[in-house]
Amino acid sequence: MADPAPLYLSPERLEQLQRITDAIRLRAALYPPPKPPPRRRRTRQYPSGKPNPPWQPPRYHGRRRG
C-alpha cells in the first residue's frame, strides 16, 4: 500500500501545488487531446492501380471435410 500523504504542507508548497493543478486544468480545457484518425479499410487494387468496383462478388467458402 502507498504511504499516506503528509498531514502538513508548508504554505509555499501548497500554493505551488495549487498553481500546478490550475495550469493542468487550463491546459486540458484549452487543448483537448487529438482524436485518432479514422480507420481505413484495406482495399485491394488491380496491378495498374485501378481500384476494385464498389461491389464484390460473394466468395464461396466450401466446407472443409476432415
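Of the 66 residues of the protein, 0% count as buried (buried: under 20% relative accessible area; exposed: over 50%; partly exposed: in between; 1.4 Å probe, protein chains only). This is a predicted model, in which local features need pLDDT of at least 70 and side-chain atom pairs count only at pLDDT 80 or more, while totals for chains, interfaces and linings use all residues. Residues are numbered from 1 along each chain as its sequence is written, and side-chain values use heavy atoms, without hydrogens and water.

**Exercise 1.** State how many helices and strands the protein has.

*Solution.* The protein has 1 helix and 0 strands; helices (H or I, at least four residues) and strands (E, at least two) are DSSP runs, numbered from the N terminus. Helix H1 covers residues 11-30 and includes isoleucine 20.

**Exercise 2.** Classify isoleucine 20 by its relative accessibility.

*Solution.* The value for isoleucine 20 is 41%. Isoleucine 20 therefore counts as partly exposed.

**Exercise 3.** Identify the salt bridge of the structure and describe its two residues.

*Solution.* Step 1: the structure holds 1 salt bridge, defined as a side-chain nitrogen of Lys or Arg within 4 Å of a carboxyl oxygen of Asp or Glu. Step 2: the partners are aspartate 22 and arginine 25, whose closest N and O atoms are 3.9 Å apart. Step 3: both residues lie in helix H1, 3 residues apart, about one turn of the helix. Step 4: aspartate 22 is partly exposed at 47% relative accessible area, whereas arginine 25, at 59%, is exposed.
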